[in-house]
Amino acid sequence: MSADGPATAEGDLERTPFAHLFVYAVDHRLTGALVLLEPTGAEHTLRIVRGSPVKVRPSDGYARFGEILLEERVITAEILAEALATRGLLGDVLLLSGCLDAPTIDWLAQVQFVRRMVRLFDLPPETRYRYFDGLDVLADWGGDPAKVDPLALLWAGLRDHGERSTRLQRTLERIGSVPLRLHPALEPGRFGFGESELAVLDMLQSAAPSLAALVRSGIAPEPTVRKLVYALAITRYLDFGKGIPVSAEPSSSVPPASAASLSLGRLQLRATVHRVGAAAPDPAGDGERAPVLGRGRRRDRLSSEPSPMSAAAGVSPLIGGSLSAAVAAELASAAGIDGGREAREPSGAGRDREAWGSPAPTDEGASGGSPVTEDP
C-alpha cells in the first residue's frame, strides 16, 4: 500500500526535529507510516507498529545488505556477485548455498536496520515529513520486522547526530540551573549507554548537579553530556516532579550492551555450490535484505488491528560485539510486541497539521509537565 492521499499530520524537521517525532510516536504507541522527503528528493519510508520502528526503506539504497556483508567480511565480493546474479532473494541464496546461516543473516539485518535508523537523525532541517496513521506500508517488503528497543535507537541517533536537532539548544536553555535528578524508572540498559554515559548517570544519581556543573565536572566530553541530558529530558527520564517517562515498561530478557558496538566479529565462512532454482525469483536482485527460509515468518498483524495501537512490550536493546549462535538465537527469541494502553485519538478537524495528534509534540517529547514543556 502506498502513502498516497491526505496525511494525518505533516510538517518539517526544522519545526519538529526527528528525535521529537520519534519520541512522540513511541509515547503514543502510534501505528502507521512516516515518510520523510529530503530537499534532494530522496525519500525514506518508516514503518511504525505500536510505537516501535520495525522497518525503514531509503529510496537511495543506503546501507544495502550486500554492502554490509562485504564490510563485515562474512563473504567475498565474488560470492556476492554470484548470489546477486541468480536474481533470487539474497538472504535465501546465501542461506541455501551454505554461505551464511540464519542467525548470522538475522544479526546482519539488525545491523542494517540500526544504521538506516540512525541516519534519519542526520537528515537536514528542510526535510518534510508526512505521517499516515494506520497505513501498512512495507508490511511485505524485506524480511521480518526488526526488534530493537526504541530507546536504544533514540540514543544511537542522538549520540551520532544530536547536534542536528533544532531544539537541542532551546531545550537545554530551558533546563537552566535546575538540579538534574534521574527518574527511578530509568533502565540504562534499554538505552544501550556506554561507559561515558554511565559515568554521567552515576553523578546525576549521587549529586543531582545542574547541567553547567555537570559539564564543568569533566566527567565526560561536553557534547556527550549535552546530548545525554537532552535525550533524558525529551523522554522524561529526568525527574522534575511531573510526568511519566516514555515507554517505561520492563525490558526484555536479552542482556543489555553498548549501542556504540554495532559491528560483527570477523567470521570465516566458506561457500558451497548453489542449487539452481532454490531461491524464489526476485527482479530486484540488488542486495536488499530478504526473508530467511527455514524459520517461521512472523507478521505484526497491522492490517487486522485498529489504529492507533496499544503499547509495545519490551524489545531487545542494541547488541554488539562478536556474533555467537547463542546470542543470535536469544535475539531472535526476544519478546515480541504486545497490547497495552491505547494512544490518544486525533483531535479532529481543524487540528494543527504539524502535530501527530492531540496534543502536538513539545520540547520534552510529548505531553507531561517538566521545565522543558512547550505548548503547541
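## Strands side by side

Guide: Strand 2 and strand 5 (residues 128-133) pair in the antiparallel sense, over 6 bridges. Keep in mind that this is a predicted model.

Visitor: What makes strand 2 and strand 5 a pair?

Guide: The cut-off is at least two bridges between the strands. Strand 2 and strand 5 share 6 bridges, so they pair under that rule.

Visitor: Which sense does strand 2 take with strand 3?

Guide: Strand 2 and strand 3 (residues 43-49) also run antiparallel, over 6 bridges. Leu-34 has Leu-46 in strand 3 as its bridge partner. The two strands form a hairpin with 5 residues between them. In that turn, Gly-41 has a positive phi of about 100°.

Visitor: What makes Arg-50 stand out in its phi?

Guide: Its phi is near 50°, a positive value in a residue other than glycine. Arg-50 is found in the loop between strand 3 and strand 4 (52-58).

Visitor: Why is Arg-50 called buried?

Guide: Buried means under 20% relative accessible area. Arg-50 has 4%, so it counts as buried.

Visitor: Where is Ala-208, and what is its phi?

Guide: Ala-208 lies in the loop between helix 9 (195-207) and helix 10 (211-217). Its phi is positive, about 50°, although Ala-208 is not a glycine.

Visitor: Why does Ala-208 count as buried?

Guide: Its relative accessibility is 19%. The limit is under 20%, so Ala-208 counts as buried.

Visitor: How does the reach of helix 9 compare with the expected value?

Guide: Helix 9 has 13 residues. It reaches 18 Å from its first C-alpha to its last, close to the 18 Å expected at 1.5 Å a residue.

Visitor: Which residues of helix 9 are buried, and how do you know whether they line one face?

Guide: Glu-197, Val-200, Leu-201 and Leu-204 are buried. Seen down the axis of helix 9, the buried residues fall within an arc of 100°, so they line one face. An α-helix has 3.6 residues a turn, so residues three or four places apart point the same way.

Visitor: What is on the other side of helix 9, and what covers the buried residues?

Guide: On the other side, Glu-195, Asp-202 and Ser-206 are exposed. The cover over the buried residues includes helix 6 (150-161), helix 8 (188-191), helix 10 and helix 11 (222-234).

## Aromatic rings

Visitor: Why is the pair of Phe-191 and Phe-193 called stacked?

Guide: The model has 6 aromatic pairs. In the pair of Phe-191 and Phe-193, the rings are 4.9 Å centre to centre, with 5° between the planes. Centres must lie within 6.5 Å, and planes under 30 degrees apart count as stacked. So the pair is stacked. Both Phe-191 and Phe-193 are buried.

Visitor: What makes Phe-191 and Tyr-237 an edge-to-face pair?

Guide: Their centres are 5.6 Å apart and their planes are at 85°. The cut-off for edge-to-face is over 60, so this pair is edge-to-face. The pair links distant parts of the chain, 46 residues apart. Phe-191 is in helix 8, and Tyr-237 is in the loop between helix 11 and helix 12 (325-332). Phe-191, Phe-193 and Tyr-237 form one aromatic cluster with Trp-155.

## Inside the core

Visitor: Which residues touch the most other members of the largest nonpolar core?

Guide: The core has 58 residues. Phe-18, Met-117, Leu-158, Val-229, Leu-232 and Leu-238 touch the most other members. A second, separate core of 18 residues includes Ala-63, Ile-79, Leu-80 and Leu-108.

Visitor: How do you know that Leu-120 is buried?

Guide: Its relative accessible area is 1%. The limit is under 20%, so Leu-120 is buried. Leu-120 lies in helix 5 (residues 102-120). Among the residues Leu-120 touches are Phe-18, Leu-36 and Leu-46.

Technical notes
Residues numbered from 1 in each chain as written. Predicted model: local features only at pLDDT ≥ 70, side-chain atom pairs only at ≥ 80, totals over all residues. Heavy atoms only, no water. Core = buried A, V, L, I, M, F, W, Y, C linked by side-chain atoms within 4.5 Å. Buried < 20%, exposed > 50% of the residue type's maximum accessible area, 1.4 Å probe, protein only. Helix = DSSP H or I, 4+ residues; strand = E, 2+ residues; numbered from the N terminus. Expected span 1.5 Å × (residues − 1). Arc of directions from axis to C-beta. Contact = heavy atoms within 4.5 Å.
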